[in-house]
Amino acid sequence: MTADQGGWDGPEPDRLYVITRGRSGPSGPGVFDLVTLIVSLAEPTPAMQPEHAAILRLCRSPLSVAEVSAYLELPTSVVTVLLADLLDDGRIEARAAVPAAELPDRALLEAVIHGLQRL
Amino acid sequence: MDYSGSDTVVGPASADLLPDTVTTAVKVVIVGGFGVGKTTLVGAVSEIRPLTTEETMTQAGVGVDDPTGVERKTSTTVAMDFGRISISDKLVLYVFGTPGQERFWFLWNGLFEGALGAVVLVDTRRLEVSFEVIGRLEDRGVPFVVAVNGFPEAPSYPLDELRQALDLPSEVPIVACDARSRESSRNTLMALMHYLYELAAPPAG
Ligand SMILES: Nc1nc2c(ncn2[C@@H]2O[C@H](COP(=O)(O)OP(=O)(O)O)[C@@H](O)[C@H]2O)c(=O)[nH]1
Ligand SMILES: [Mg+2]
């Protein structure tokens, strides 16, 4: 279901509540942007919460927060809580997006233009 | 879903893996009303099969205490499509499509924060949504270009007439687009990048 149609199509709220143990993600801009790249620094262990293990498996190659959310089929607000746990434990690296409120510089834009030309 | 097995979560296909050299990701947002071609445009330029991510909106002030003492909040979930374009071995661009109607603006905080800019996709049959979106982007200071998606049954106006109708400042680019075409969609993103380039300060020194 797309946003345009509205409505609930994801996992039930109760399950999400259990996954995060009742914690909710930061409401404002936090550590994680939708395009912060996540890279695993550790292997999953059997003792880990399954969602944490799944993230470590997914992020063996860099993956954006939005992609992690899409593959786990979990809302980004839940995913960022899980990512914060892993970051605190030093199990992932977060490659931060270009800082907000900073105008992109011309070198960056030139690179993007260059890349688009090859598309 | 059960995450306990090693392969219960289907991740990216091996061809879709980003190299470990990628250090920076940037994003742009495609915004417009229902059926204007956002999903089509994302799919046209994306190197991966477009994905869907969910955002939840927690309704303010409706937390309820139930007898177990567990606080519950009601939330609404909205899905967004997005795609990816590898720019270089260090840089990757994400393209998000998001609905423009006011009731979805709660999505905008995380989305436009740090975005390079936006493409307002316009359907000439329904200009009202575009008005709202353009006003909102201007308020937030998000740079944008306007792309007019040509539908066969839609009235076709010269772009300068549309500029007037939309009350667009003269510096804001307005381009024609066919979201079904990779080249046309790519050119639309390119128009945004060239505009951003003009806005960006030349390097110091
Ligand atoms: N003629 C024409 N049809 C389009 C164009 N872009 C999208 N469509 C069609 O319009 C419909 C809605 O497009 P979609 O991308 O789902 O719109 P969204 O709601 O903004 O994501 C689909 O059937 C598309 O094939 C376009 O540029 N020209
Ligand atoms: Mg869509």
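This is a predicted model: local features need pLDDT of at least 70, side-chain atom pairs count only at pLDDT 80 or more; totals for chains, interfaces and linings use all residues.
Reader: Roughly what angle do the axes of helix α2 and helix α4 of chain A make where they cross?

Author: Residues are numbered from 1 along each chain as its sequence is written, chains are lettered from A and ligands numbered from 1 in the order written, and side-chain values use heavy atoms, leaving out hydrogens and water. Axes are lines fitted to C-alpha atoms, for helices over the stretch in contact, with angles from 0 to 180 degrees between N-to-C directions. For α2 (residues 50–58) and α4 (residues 76–88) of chain A, the axes come within 10 Å and cross at roughly 75°.

Reader: Are α2(A) and α4(A) roughly parallel or roughly perpendicular?

Author: Angles under 35 degrees count as roughly parallel, over 145 as roughly antiparallel, 65 to 115 as roughly perpendicular and the rest as oblique. The crossing is roughly 75°, which makes the pair roughly perpendicular.

Reader: And how many charged residues are in that contact?

Author: Contact means heavy atoms within 4.5 Å; here A:E51, A:H52, A:I55 and A:L56 of α2(A) meet A:L82, A:L83, A:D85 and A:L86 of α4(A). Ala, Val, Leu, Ile, Met, Phe, Trp, Tyr, Cys and Pro count as nonpolar, Asp, Glu, Lys and Arg as charged, and the others, Gly among them, as polar. By class there are five nonpolar residues, one polar and, for charged, two.

Reader: How many residues of helix α3 of chain A are buried?

Author: Buried means under 20% relative accessible area, exposed over 50% and partly exposed in between (1.4 Å probe, protein chains only). The α3(A) list runs A:V65, A:A66, A:E67, A:V68, A:S69, A:A70, A:Y71 and A:L72, and A:E73, with a positive phi near 55°, follows the helix. Of the eight residues in this helix, the number buried is eight.

Reader: How many strands does chain B have?

Author: Helices (H or I, at least four residues) and strands (E, at least two) are DSSP runs numbered from the N terminus. Chain B runs β-α-β-β-β-β-β-α-β-α-β-α-β-α. With its five helices, the strand count is nine.

Reader: Which residues have the most contacts inside the largest nonpolar core?

Author: A nonpolar core is a set of buried Ala, Val, Leu, Ile, Met, Phe, Trp, Tyr and Cys residues joined through side-chain atoms within 4.5 Å. Beyond four places in sequence, B:V146 touches B:V120, B:V122, B:I134 and B:L166, among others. The core has 97 residues, and those with the most contacts are B:L137, B:V146 and B:M193.

Reader: What separates the C-alpha atoms of B:C177 and B:A147?

Author: B:C177 lies in strand β9 (residues 174–177) of chain B and is buried, with a relative accessible area of 6%. Its contacts beyond four places in sequence include B:L41, B:A147, B:S184 and B:T188. B:A147 is 30 residues away along the chain, yet the C-alpha separation is 5.8 Å.

Reader: Where in chain B is the pLDDT below 50?

Author: pLDDT is the predictor's confidence in each residue, from 0 to 100. Chain B has a mean of 87, and 85% of its residues reach 70 or more. The stretch below 50, with 12 contacts beyond near neighbours in sequence, is residues 60–71.
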